[in-house]
Structures are given as C-alpha cells and as structure tokens.
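Hello,

Please find the structure below, handed over for your use. My notes on it follow.

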Amino acid sequence: MKYGRVFLSICFILLSTVNLLAQQINSSAFRKDKLRELWQALNLKKSKSYDRAHNQAEKKGWETHRKSPRGTSTVLVGLDTLGFPIYLQTCDDNISAITTATNTVQPGGALGLNLSGSSTFLSNKLAIWDEGIVFSAHNEFAGKTIKVPDGATNVLDHVTHVAGTLFAKGVLPQVKGMAFGLTTLQSYDFINDQAEMALAADRLLISNHSYGYEAGWSFNNVQNRWEWNGLPGDTVDYKFGFYSDDAMVYDEIAFNAPEYLIVQAAGNSHGETGPTVGNTYYGYASKTDPTMVNKGPFTGDISSNNGYDVISGTANAKNILTVGAVNPSPTGPITSTVQIAPFSSWGPTDDGRIKPDICGNGVNVLSTGRGAPNAYFSTSGTSAATPNVSGSLFLLQEYYALKNSGNFMRSATLKGLACHTAYDAGNPGPDYIYGWGLLNMSRAAQTITDNGSKSLINEETLANGLVQTYTMEATNNEPLMATLTWTDPKGEPTVYGVVNDHALKLVNDLDLRFTDGSATYSPWVLNPAKPAKNATTGDNIRDNIEQVYIANPIAGKTYTLTVSHKGKLTNGLQNYSLIVTGIQTAQFNGPATNNLYLKVFPTPASSYINIVFNALTKNILTIELYNAIGQKVYNSVKQVSQGAYTTTLNTEDLINGLYYMRLQLGDKIYLRTVPIIK
C-alpha cells in the first residue's frame, strides 16, 4: 500500500503478517480461553452477589426496582465489597444523525459512501446490554433478527428506544437508525453483563451500554424522597471517578478482544442535584451498616452532583468509549452552538483521565417504543446519546472493511479515529465536559478515504526499550495532528470507600512527540486539580490516548513523529494505533532489511519453527517467543559467528494461537508473528 510521502522508519522489521494481527489476535486460542475463564468466574460471582442483595433488600430498606417519571429505571443488581447495594441505572432519528454528521455517510449523504450497516460481514457483530430486551415486533424491526442469547423475557421501552436509534429501518423517516441497514442485533439484559460480555467479546465489534452505576444523589419516586448513595460522613460519593473492580473487568475483557469496543453512557448525574437545605433525605445508617434510614433535614454539607468528577462505575474504564450528551445540532458538528446537555455527567476520573471521551445527541431523541408495532416516544439522556455514537461507529467499521479486504480496525484505532476527528466543543483541545468533542462522522470517514495519501491510519506493536519514528511533510492550510491510542492492560482497582484516590491506573505509558528539527511538540494534558482550565501541552502520564496538535505547521516542512514508552512494558509488547492528518501525498518508505535475509518457517507452525538468517558479523543473538498476551514462553541467548545461521525452536508444548518472535542480533531487533496450529 502507498502512503504518499509518509516515511516510516522502525527499529525492527515486522513481517507483513503483523498487519494481520488485529484480525487474528481476538480469535487466538489463548485469548478465547481467557475470556471463557472470565465468563465462568464472573457468572458465578454475579449470581451470588445478586441473590445476597435481594435477600437483604427488604430488611435494609432497599428498593429492588423503581422507574422515574421520565422513564429511567434503577435496578438492584448486587453488593459491593463493603456490603452496600449496587444499582444499575438507565441513562436516559434523523436529528441525531445530523448532529454527528452520520447522515453524510449514509445513502444519499454528501460523501457518497452509502453506508447503512447492510454488509453481510457485519452480521451478529453489534450487541446491546440494557434493562430487559428489545420489542422485536415493532414495525421498525420488521425483517430483522433480534437474538436474545441470555434468554431474558422482559420487554421494555428503554432498550427498545436505544435499539431504534441503533438500527431502526426508517418506516417513520424521523427515527431511522444510524445503522438502519443492519439486519441483526444481540439483545442482552444487563443483570449479568460482564460474564456475558466476556463470552461474546471475541465475536463482536461494538456493544452499546446505555446505563451506569447509581452514585451521589438520586430521587426515589416510589418513596418520594431524595437518597444519598455515598457513605455517611463523606461529602462526596467515593464511587464518582472511581476505578472499581467492574471497570477493571471491562478493561480486561477489552484487552483480550482487541477489535471489540465497549460504548458506555457517561450518566446523568448533573440532573440529580439533591434536596434543598432543610428538606429530609435518606441515606445509609453508617459506614458499616447499609440500611437505608431517615437522615433528617439536609444541612447543605454534601456535594450536589453539579460539578466535576461525577462519572461512576464502568464508565471510568480505560479501554472503552464513554459518551456524554449534547443538545441537538440541526446544522451538524460544525457550529459553535454545540452545547452540553445540562444532565450529562462530567469527568475527570479520580486519577485525572479524560472522561467522557466523546459526545452525541442526547436531548429529545425520538425513537421506538414497546407499546405497539407503531409506538414511538422521545426521551433525553446519555442513554440516547450512546447509540447515536455506537451505531455511527459501526458504519466506520463497515467502511474500513470495505476498503481493506474485509479486515476491521482494532477498537483502539476506532476510538482514536473518533476522538481525533471530533468537533472540538468546549475548551480548546480535550476537556472534562465534552471529552474530545462531538462525534464528526464526516471527518472520520474522510480520514479513512484519505488513508495513504492525506492521512495515515496505522496499527503497530511497540516492544520493550524501542522507539518507532515516522517522517512526514505538512500540507497547506490545515493543522498537523497525530493521535496515539492503545488498549492498556487492566489497572489495579481502587480500594472501596476511598474518596478521590489519585493513584494512576495507566499500566503501559506510551509517549507521542512531533519534532521539526528545532522544536518539540508535546501532547495535550489536563490538570485534574484545576478541571475547568484549558488543556496545555506536556507529558501525559494518565491517558491511553495522546494527541499532538500543531495549529499552523509550515507547508512542505518535514516533521518527525516518535512513539516511545516509559519504564518496562507489561507483557513486553504493546499494540498501538496511530491516526495522522494534515500531511501531504507521499511514497511509503519501508524499513530496511540490513541484508539479514531473515526467514522464519513454517507458518503456520506445528511442532517446530525454523529460523534462518545471514549474520554480517560475529554477535550475541537473543531469541524470545511471546504468546498473544505478551507472556514469554521461550528464551535463548547465544553467540553466533559471521555467516549463515540456522536454528530450530521446539513448539510441541505450546497451545494453538498467534505468537510474537523477538530476535535481537547485537543492537538490531526484529519481530515476526508466528501462528501455531496443531
């Protein structure tokens, strides 16, 4: 493939099969086994937790289920490690498609791409987890297949509304879904979401999660009272910004399914501001007794959920896409009137990461209902914004696959593309209200169109101790931008009950820099201690997404982009994705072979691997073999003489899967990928 004048120089050689890694790795035997192990453990854990919670509910004064007047639901799903209840809360067209410019890529759109999700290779690759399941008898889903893998039977409005935004066929033109041509959807009840996600992850591209974890203030309309869900004595709920066991599990699932993107609502906590001073409220009896009791008149000493750091639960995970809500924009993502919805939750996470990641339309969204085959209703919430984004991103996967022989992007690539091309609302650069801005499908799709000429979409692997460099020339009248994203290994969960623990959750800290020979350009950074301040530039030590932005590059000037890392990479290797725009057409310059003439065969291998090369000088040879998650399974260090060299690795004891080989000869390092199939 030609990349115009984008020159890539890498400190090691990658066989062409490395580009196939994103497509193969999620079906490797090791990762499938890991996901199945997760499913078994999570399934058992959730069942026990759910039963314990419901057995204690009446005694402790907990509601098991309630529905608000505007249609959102709150459901008791388990207990946390402190014994307190865990509630999941639902976060509650054409205007949505216009707001995010999704209409520009659909049939009849300005880009002429005719994307609708109708490609057969997308079948069964989109899922929805929500309270209950979709009303499949709706006219908007006629001729479509909605599968219910977990056997749930409770048909509800909220999930039906979300599904309509995802893929309603457009019988009523105003409610045509983002991926309206898609004919299949997997519909799961959210009670056992994590176990089910682990089991399904390696078969999915995107799943939609229009719900979150109840935290801070919430109004219990069944009991007609305000309830404080934080611990007694705390003025803020520790669950806001909190990297929980559940967030860690989401990250682990994503890490083991590199093409699978989890799209999660940021929540509506800004719309739940608590009682007025002097009014009675309810809360937990003590920090060790989760009984819900009358706490007397509110004295005003508890946060009102109306500031920063009010995103809870799994929405704080690193490897997912967290979605905030904006008001509808009838002119698309091209106007300064784009405005955050008043209920949409703001970040940051407790360790200062950027959340939400991106925004979609979440106000007065008309979609399908369950009352009858022709039932429709409008609602507002990040629940409505999330399918606007996830259904749209599904079309980007369709477009990329159509242009790349059926291969899909890694989830990190898709996330990076969405954030890189977003309409920058709010403060310049990223912020803790809009994240990277409003989804801009027109620009995202154009970046795919231009890949290899005016843009670069690249998926690579960085090994311990190495730096990769890219050299490119800037174009006219356009900022030079590069965005680096990666699916990070799971972090260490924060201790339950601790408020605002700032310990970093990033495991592998990659770094992105531009240089022009005289100046170095660093990525955006935010200061969580001053969340309202504009982003500056510097060393980003928090996020697994970094962006370098040069507003006014010199046209025709050469810029060098480097990807490196700090410390030692967990697992020895880290996949990453790179998006670059604002570059000129150029010729791709492949890495030199240094006359090594390295051959690794057979591929796929079974019981042995042959390695043959020509050593230019006497040197030290190190050969390492890693499995799909970076665990070292073979290591050899020896001295070799100048000339032809041959050796054989015994692989009889290795399981089926895709393996990395790292060969170092002196100061030269080479990588190969070797599938092993018995």
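The model is predicted, so local features need pLDDT of at least 70 and side-chain atom pairs count only at pLDDT 80 or more, while totals for chains, interfaces and linings use all residues. Residues are numbered from 1 along each chain as its sequence is written, and side-chain values use heavy atoms, with hydrogens and water left out.

The second largest pocket has a lining of 20 residues, and those nearest its centre are Lys-45, Ser-49, Leu-79, Ile-86 and Asp-246. Two or more lining residues come from each of helix H2 (29-60), strand E3 (73-79), helix H5 (193-200) and helix H6 (245-256). H2 gives the most, with 6 residues. A pocket here is an open set of points on a 1 Å grid over the protein atoms alone, where a 1.4 Å probe fits, with protein on both sides within 12 Å along at least five of seven lines; lining residues have an atom within 4 Å of a point. Helices (H or I, at least four residues) and strands (E, at least two) are DSSP runs, numbered from the N terminus.

H5 is mostly covered, with 7 of its 8 residues buried. Buried means under 20% relative accessible area, exposed over 50%, and partly exposed in between (1.4 Å probe, protein chains only). Among the buried residues of H5 are Asp-193, Glu-196 and Met-197.

Strand E26 (residues 545-550) is also mostly covered: 5 of its 6 residues are buried. Strand E21 (residues 480-485) runs antiparallel to E26, and 6 bridges join them. Met-481 has Tyr-549 of E26 as its bridge partner.

Ser-367 is in strand E17 (residues 365-368). Ser-367 counts as buried because its relative accessibility is 1%. A polar atom of the Ser-367 side chain lies 2.7 Å from the backbone oxygen of His-161, and one lies 3.3 Å from the backbone nitrogen of Thr-165.

His-65, in strand E2 (residues 65-67), is partly exposed, with a relative accessible area of 37%. His-65 and Glu-37 are 28 residues apart along the chain, and their C-alpha atoms are separated by 31 Å.

Regards

Key:
Polar contact = N/O pair within 3.5 Å; in protein donor to acceptor, adjacent residues only side chain to side chain. Pairing = 2+ DSSP bridges.
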